[in-house]
Amino acid sequence: MSEPLLSVRDLRAWFFTDQGIAKAVDGVSFEVREGETLGIVGESGCGKTVTSLALLGLLPEPPARLMDGSSVRFRGQELVGADEKQLRALRGNEISMVFQEPMSSLNPVFSVGDQITETLRLHRGMDRRAARAEAVRLLGEVGIPEPARRVDEYPHQLSGGMRQRVMIAMAISCSPKLLIADEPTTALDVTIQAQILELLAELRRTLGMAVLLITHDLGVVAEVCDRVVVMYAGQVVETGTVEDIFVRPAHPYTRGLLGSLPSVGGAGGRLVSIAGTVPSPLHWPDGCRFRARCGLAGDGCEAPQDLVELGAHGRAARCWRART
Amino acid sequence: MTKYLVRRLLGAIPLILGIATIVFFAVNLAPGDPTLYYISPGMTQEVVEQMRVNFGLDEPVHIRYVKWLGAMLTGDFGYSFSHSRPVLDVLADFLPNTLILSACALTVAFLFGIVLGTLQAIRQYSFRDSALSVVLLFFYSMPSFWLALMLILTFSLFARNVWEWPIWFPASGMMSTDYEFLSFGAKVRDRLAHLVLPTTSLACVLTAGIARYMRGSMLEVIRQDYVRTARAKGLSERVVVFKHALRNALLPIITLLGLFIPVLFSGTIFIETIFAWPGMGRTIYEAILTRDYPVVMAGSFFFATMVVVANLLADVLYAWVDPRIRYE
Ligand SMILES: Nc1ncnc2c1ncn2[C@@H]1O[C@H](COP(=O)(O)OP(=O)(O)OP(=O)(O)O)[C@@H](O)[C@H]1O
Ligand SMILES: [Mg+2]
């Protein structure tokens, strides 16, 4: 098999704060292949956003730092420790991002058109006229009615769903190889959520880009993802295809997540919680980090858990019981 | 937007009338009799009485108020006791000089305040941030007249006579005595040189204040989601800060324009007096000493009106820069 588009190895992003060291991301590995949709799921605070920001060097340093041994390779190029100029050439160009909050992710004092053309002019070197025409086309492509008029409007004149479409238009403007969408639909109401997901899936097909979709929502994962990474307490606890995860979950945490769905594999179920609370990244528990909340906790769980490979397709779970 | 403007303009009218009223009574009800200042020993009682009539002080205060207000509305601000000229002529001579000085100080203060505050915010808690904080706090706490004296001492007196620096700045007036004989270029340079010290003295406090607000505003904006979006687009840090963040951080700074104009004007009273700057501040100060009521009233009224206008301007500017208000 050819080299994956994005390969993340042992990523550790720690925050050095006054209260101590928050190991928000503590040894995360996964890969994204050309053209696929990879979902990252996990409870709030498990480090999904920090992971996604770390990929492009967007964490605030300080307090954040990528620890030695972390590696992010994109099309063969190492991004950890790459200089700012190389990263900037990738950002918004080959790798782009859509954020959770469409309300605050667009700059309120610039028109929608200005914000889209900015990217086009930067990475594509288009002149003002061409960039504007392209912006109108992009707005049409993401399903905004009357794009020629909307292009001159300001973010506050658009609804949340429309703003997220603008964010997406901005993100796809340079035909990226990888689109990172961090909970792109969480802030939107249900019907709009479905439309935005539909749009992302369609764009992925037409543009042939890979999508890294971060979400709380297992229903969304089941619907649009090819493979899934389940995160817990700054680590990957299970990876596999959507079918693996939903039909044969190997880690008790994954099973817990599925159990909290109204109907397994059904759409629209928002994650409720598993009993117990998420530990703080300042003090991860010793041994298996899920132990305190795990119904199956026993003798083998005091030792730190490694990812156990299950079969050949990158399927793995961080639980010694999965070995059997 | 037009409706908003008209509403604000109409709202300013009663405000200005109120100001005129307060100014009038504050001056006229103050203890003391202006004529006492102008009589000399040996004047007969009749002459003094005649003087009171000439000054219009023989009538009761409420009649004087109505007359003054009526005259003012027709653009007649009365006759200066000490200058022996119409007040309007006095204002026409001195007000422009004050406006020149104020405009320079304001420009310098906003320019430096915005840049320094931004430089602090983008490296919060760094050495640069802390050092600037200390220096700015110093300038913020020092009275401007003290600063003015120190500047004169350093950049005028010592620089010229003791240290013999190649550059020093004049400490008095708006132009040199030989101004008329200078070439055009030299005239411009002479004028600018005379502006340096008074402008600096006036601007220091304001710069420090604006930088402080700017730092806070920038810190607030820099952690907004849209700044992260701008970085994720691949923009350079310079564009992220000076385009995306700055534009937003400037919004609350615009309101300072209205807030700081009064500080500026009261500053001119000291600074113009110290630097012998022939402006309105110094003229009002002298008018107070000589009990020249018409000049005090007209001067205060103009200053107060300009504060109102500055606030209006700040609001309009805000609305114009912020699309959320512009398209309401
Ligand atoms: N700037 C920061 N300073 C200190 N700690 C931080 C900072 N940013 C994030 N963290 C910590 O990193 C941890 C992971 O946060 P992250 O935002 O990645 O969670 P998440 O999985 O995206 O959660 P959510 O689903 O709520 O978005 C959190 O516990 C948070 O406290
Ligand atoms: Mg998040």
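In this predicted model, Ser102(B) touches Leu264(B), Phe265(B) and Thr268(B), leaving aside residues up to four places away in sequence. Ser102(B) is part of helix α5 of chain B, which covers residues 87-121. With a relative accessible area of 4%, Ser102(B) is buried.

Chain B has 13 helices and zero strands, so that the order of elements from the N terminus is α-α-α-α-α-α-α-α-α-α-α-α-α. Along its principal axes, the C-alpha trace of chain B spans about 85 × 60 × 40 Å. Of the 328 residues in chain B, 43% are buried. Contacts that reach across the sequence are well represented: taking the contacts in chain B between residues at least 6 apart in sequence, 71% join residues at least 24 apart.

Helix packing in chain B can be followed from helix α1. Two packed helices are described by the angle between their axes and the distance between the axes. Helix α1 (residues 2-28) of chain B meets helix α12 (residues 293-321) of chain B, with axes that come within 9 Å and cross at roughly 155°. Because an angle over 145 degrees counts as roughly antiparallel, α1(B) is roughly antiparallel to α12(B). The crossing of α1(B) and α12(B) is right-handed. The residues of this contact comprise 20 nonpolar, three polar and two charged.

Helix α1 of chain B also packs against helix α4 (residues 61-73) of chain B, at an angle of about 135° and with the axes 11 Å apart. That angle makes α1(B) oblique to α4(B). The crossing of α1(B) with α4(B) is right-handed. On the α1(B) side, the contact is made by Leu17(B), Ala20(B), Thr21(B), Phe24(B), Phe25(B) and Asn28(B). The α4(B) side supplies Val61(B), Arg64(B), Tyr65(B), Trp68(B), Leu69(B), Met72(B) and Leu73(B). By residue class, the contact of α1(B) with α4(B) holds ten nonpolar, two polar and one charged.

Phe302(B) is partly exposed, at a relative accessible area of 25%. When residues up to four places away in sequence are not counted, Phe302(B) touches Phe77(B), Leu91(B) and Leu95(B). For one of these, Leu91(B), the C-alpha atom is 9.2 Å from that of Phe302(B), although the two residues are 211 residues apart along the chain.

Ala276(B) is not a glycine, yet has a positive phi of about 50°. Ala276(B) sits in the loop between α10 (237-274) and α11 (280-289) of chain B. With 28% relative accessibility, Ala276(B) is partly exposed. In chain A, Asp10(A) likewise has a positive phi, of about 50°, without being a glycine. Asp10(A) belongs to strand β1 (residues 6-17) of chain A, and is partly exposed with a relative accessible area of 36%.

Chain A also has two cis peptide bonds to point out. One runs from Glu61(A) to Pro62(A), with omega near -15°. Pro62(A) lies in the loop between α1 (48-55) and β4 (64-66) of chain A. Another cis peptide bond joins Pro62(A) and Pro63(A), where omega is about 5°. Pro63(A) is found in the loop between α1 and β4 of chain A.

Finally, the cysteines. Over all chains, the structure holds zero disulfides. Cys46(A) is in no disulfide, and the nearest cysteine sulfur, belonging to Cys225(A), is 15 Å away. Seen from the other end, the sulfur of Cys225(A) has that of Cys46(A) as its closest cysteine sulfur, and at 15 Å the two are too far apart for a bond. Cys46(A) counts as buried at 2% relative accessibility. Cys225(A) is buried too, with a relative accessible area of 8%.

Note on methods. Residues are numbered from 1 along each chain as its sequence is written. Chains are lettered from A and ligands numbered from 1 in the order in which they are written. This is a predicted model: local features need pLDDT of at least 70, side-chain atom pairs count only at pLDDT 80 or more; totals for chains, interfaces and linings use all residues. Side-chain values use heavy atoms; hydrogens and water are left out. Axes are lines fitted to C-alpha atoms, for helices over the stretch in contact, and angles run from 0 to 180 degrees between N-to-C directions. Helices (H or I, at least four residues) and strands (E, at least two) are DSSP runs, numbered from the N terminus. Angles under 35 degrees count as roughly parallel, over 145 as roughly antiparallel, 65 to 115 as roughly perpendicular and the rest as oblique. A crossing is left-handed if the near helix is turned anticlockwise from the far one by less than a right angle, and right-handed if clockwise. Ala, Val, Leu, Ile, Met, Phe, Trp, Tyr, Cys and Pro count as nonpolar, Asp, Glu, Lys and Arg as charged, and the others, Gly among them, as polar. Buried means under 20% relative accessible area, exposed over 50%, partly exposed in between (1.4 Å probe, protein chains only). Contact means heavy atoms within 4.5 Å. A disulfide is a pair of cysteine sulfur atoms within 2.5 Å.
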